[in-house]
Amino acid sequence: MSYSDKEKQPKFKSGFVAIIGRPNVGKSTLMNQVIGQKIAIMSDKPQTTRNKIHGVYTTDEAQIVFLDTPGIHKSQSKLGDYMVKAAESALSEVDAILFLVDVAEGLGGGDRYIIEQLKKVKTPVLLVMNKIDQVHPEALLPVITTYKDLYPFAEIVPISAKHGNNVSTLLDQVIKYLPEGPQYYPADQVTDHPEQFVCAELIREKILHLTREEVPHSIAVSIEDMKLEENGVVHISAVIYVERDSQKGIIIGKKGALLKEVGQKARADIEALLGSKTFLELWVKVKKDWRNQERVLRDLGFRHE
């Protein structure tokens with residue numbers, strides 16, 4: 001290959017992209033769709049994501065490191081404060097921002113609040129209109145017009161994160177806004193979080209799916225021990241923390257039935273993640289009002305700079 005041929009080759013592009021939006025608009029669903037496997041938990045309950053989840057998407061031409069942020073919302077606890085600060089801090093750390101909105105619900109007060117935050121940064125913002133599978137195509141235009149009147153978006157891309165519609169187009173648009181740069185992670189790496197973190201999140205997801213309304217935001221999961229046994233089985237010991245004794249009873253269930261179901265469902269996902277047989281041991285403990293205790297939040301890994 002001659003020197004001139006090398007000059008004509010496109011340079012590798014890489015960068016960091018934040019996915020922001022109101023709680024429950026499909027941020028984790030989009031992340032998992034792009035990455036091709038589950039690294040962020042999904043639930044129909046709002047405020048499911050608590051940390052900035054880093055997902056890595058790599059092609060021969062580019063690498064995008066996605067930050068799936070906690071939903072920006074009105075906080076009601078120290079944990080809520082952490083979640084909002086984590087989401088808002090992401091805006092100043094990235095090369096581009098994906099502002100995800102639910103077109104089936106339309107513009108809400110939460111969207112207006114986020115747009116006000118976006119006006120404080122100079123980062124390119126792509127408006128990603130999710131859940132187009134739930135609305136008639138003709139209904140999209142007035143929604144697009146409403147958002148365009150509020151902010152000068154760099155691009156507007158309608159998608160269905162759940163079904164993958166137009167997601168490849170979105171990725172092409174994102175890459176346009178990335179600088180030339182190195183490949184930060186190996187091509188086969190899909191997240192920068194340790195396996196323990198993802199395993200804890202998968203356990204928490206199953207609890208969110210199986211428990212009543214008063215429990216979800218009161219739970220945290222900590223992996224106490226994770227080791228590979230000589231027989232090739234991964235042994236995981238995890239503690240599920242709740243705030244009240246009554247919640248402990250709900251999670252354990254009658255004769256331990258609900259906790260057993262959580263374990264069975266979580267183990268299936270963890271085995272798919274690790275590619276190994278897994279023995280999962282679950283314990284439930286009460287830490288009263290843990291969401292408002294700084295020390296407990298730090299111990300559970302909730303920190304913001």
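Is E105 buried or exposed? At 57% relative accessibility, E105 counts as exposed; here exposed stands for over 50% relative accessible area, buried for under 20%, and partly exposed for anything in between, with a 1.4 Å probe and protein chains only. The model is a predicted one, so to speak a calculated picture: local features need pLDDT of at least 70, side-chain atom pairs count only at pLDDT 80 or more, and totals for chains, interfaces and linings use all residues. Residues are numbered from 1 along each chain as its sequence is written, and side-chain values use heavy atoms, with hydrogens and water left out.

Now for the charged pairs. A salt bridge here is a side-chain nitrogen of Lys or Arg within 4 Å of a carboxyl oxygen of Asp or Glu, and by that rule the count comes to 11. One of them links the side chains of R22 and E105, at 3.3 Å from N to O. R22 sits in the loop between β1 (13-20) and α2 (27-35), while E105 sits in the loop between β4 (96-102) and α4 (109-118), so this pair ties together parts that are 83 residues apart in sequence.

Two other salt bridges are worth a look. K119 and E116 meet through their side chains at 3.1 Å, N to O. K119 is partly exposed, with 48% relative accessibility, and E116 is partly exposed as well, with a relative accessible area of 42%. In the pair E205 and K206, the closest N and O atoms are 3.0 Å apart, and both of these residues are buried.

K131 is not a glycine, yet it has a positive phi of about 70 degrees. Its place is in the loop between β5 (125-130) and α5 (140-148). K255 also has a positive phi, of about 55 degrees, although K255 is not a glycine either. This lysine is found in the loop between α8 (245-252) and α9 (257-274), and K255 is exposed, with a relative accessible area of 86%.

Notes:
Helix = DSSP H or I, 4+ residues; strand = E, 2+ residues; numbered from the N terminus.
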